[in-house]
Amino acid sequence: MAMKRVATSAIRAFNSSGIPSSSSIFTRELHATPGSKKIVGVFYKANEYASMNPNFLGCVENALGIRDWLESQGHQYIVTPDKEGPDCELEKHIPDLHVLITTPFHPAYVTAERIKKAKNLQLLLTAGIGSDHIDLKAAADAGLTVAEVTGSNTVSVAEDELMRILILVRNFLPGYHQVITGDWNVAAIAHRAYDLEGKTVGTVGAGRIGKLLLQRLKPFNCNLLYHDRLKMDPELESQLGAKFEEDLDAMLPKCDIIVINTPLTEKTKGMFNKEKIAKLKKGVLIVNNARGAIMDTQAVADACSSGHIAGYSGDVWYPQPAPKDHPWRYMPNQAMTPHISGTTIDAQLRYAAGTKDMLERYFKGEDFPPQNYIVKDGELASQYR
């Protein structure tokens with residue numbers, strides 16, 4: 001028999017998360033009906049690397065480490081890397097799946113069309129952080145629940161951002177390439193290598209990852225700025241040594257280094273276009289581990305080619321995986337990688353455990369930790385509005 005959530009409990013959870021409740025929309029309630037649930041996971045394929053580390057859980061082969069647990073309870077668990085096109089493996093399961101688990105690292109784009117086809121779908125889980133690969137408005141309109149493992153890879157991404165800043169500032173990659181090609185030309189590296197100390201670093205967005213980055217930058221004695229929709233309390237600002245900049249357009253030209261830490265929303269999509277980039281300091285360095293679509297792809301490539309952007313590094317692209325002819329692969333002064341910052345082994349252990357916890361709660365008809373909700377009862381979390 002269906003176990004419906006108690007209304008007062010749901011309202012209390014939403015009030016604590018800052019997400020308003022709504023009684024005007026039909027919701028596909030989370031419940032634990034008897035019988036098998038069909039759960040589909042979309043992950044990247046690890047091939048020979050899957051067996052090299054028993055904690056490498058975020059791949060198709062190891063499937064978050066939850067297969068035995070799910071199947072022992074009678075549920076069907078299907079995993080695939082095949083997510084694109086009308087004949088892909090994922091598309092075959094859309095009509096009758098109950099839960100879809102995706103990741104930002106190998107995103108299955110959950111469009112309004114797919115949501116419409118998914119008549120049994122109740123729950124969309126992101127194993128990691130960042131659910132912009134889902135059409136969140138369509139999910140809200142359909143009464144679906146969307147949740148992610150908040151905090152699971154914040155440390156991983158913040159550490160990676162700091163690494164990328166240092167790689168760009170110290171002009172590391174040309175030196176590395178000299179070594180592997182048999183060259184030795186110190187001048188070719190040193191003419192544009194700098195210290196991080198004394199530079200102005202601004203983060204666009206200062207949520208969990210942005211705050212951790214500022215914390216890690218403080219010992220480098222930088223001038224730290226941040227722009228966010230919410231100002232930190234004075235004590236935290238003092239601890240981090242960061243100054244709030246309410247006006248983004250006023251902050252950006254001050255920065256030697258800009259780090260993107262804002263979610264991808266309708267407001268931030270294409271935010272860094274040709275016009276905004278032109279207003280940045282000539283020779284600026286940019287690190288973007290947030291989302292590729294926040295940047296105008298060609299505008300970034302052109303600015304790197306002209307030298308207006310002296311260095312660009314990140315692990316996020318649009319679309320993902322990046323096609324072979326993506327201009328960021330070939331533009332100068334870049335230190336790009338595939339989407340790896342949030343999928344360290346430590347992060348995988350955290351987001352695998354968080355995914356299992358939410359599935360367990362789903363089977364029992366219990367609420368998730370409030371901070372994990374991205375869409376609940378037809379309402380989007382505040383950062384996505």
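**View 1. Ile 129 is partly exposed, at a relative accessible area of 22%.** Partly exposed lies between buried (under 20% relative accessible area) and exposed (over 50%), with a 1.4 Å probe and protein chains only. The model is predicted: local features need pLDDT of at least 70, side-chain atom pairs count only at pLDDT 80 or more, and totals for chains, interfaces and linings use all residues. Residues are numbered from 1 along each chain as its sequence is written, and side-chain values use heavy atoms, without hydrogens and water. Ile 129 sits in the loop between S4 and helix H5 (136-141); helices (H or I, at least four residues) and strands (E, at least two) are DSSP runs numbered from the N terminus.

**View 2. Asn 153 is buried, with a relative accessible area of 3%.** The loop between strand S5 (145-148) and helix H6 (154-169) holds Asn 153. Not counting residues up to four places away in sequence, Asn 153 is in contact (heavy atoms within 4.5 Å) with residues including Gly 128, Ile 129 and Arg 350.

**View 3. The UniProt feature "binding site" (unreviewed entry) is placed at Ile 129 and Asn 153.** They span 25 residues in sequence, but no two of their C-alpha atoms are more than 7.1 Å apart, so they gather at one spot. UniProt positions follow the numbering used here, feature names are shortened, and annotations may be inferred rather than shown by experiment.

**View 4. The largest nonpolar core has 33 residues.** Such a core is a set of buried Ala, Val, Leu, Ile, Met, Phe, Trp, Tyr and Cys residues joined through side-chain atoms within 4.5 Å. Leu 64 and Leu 359 are among those with the most contacts inside this core.
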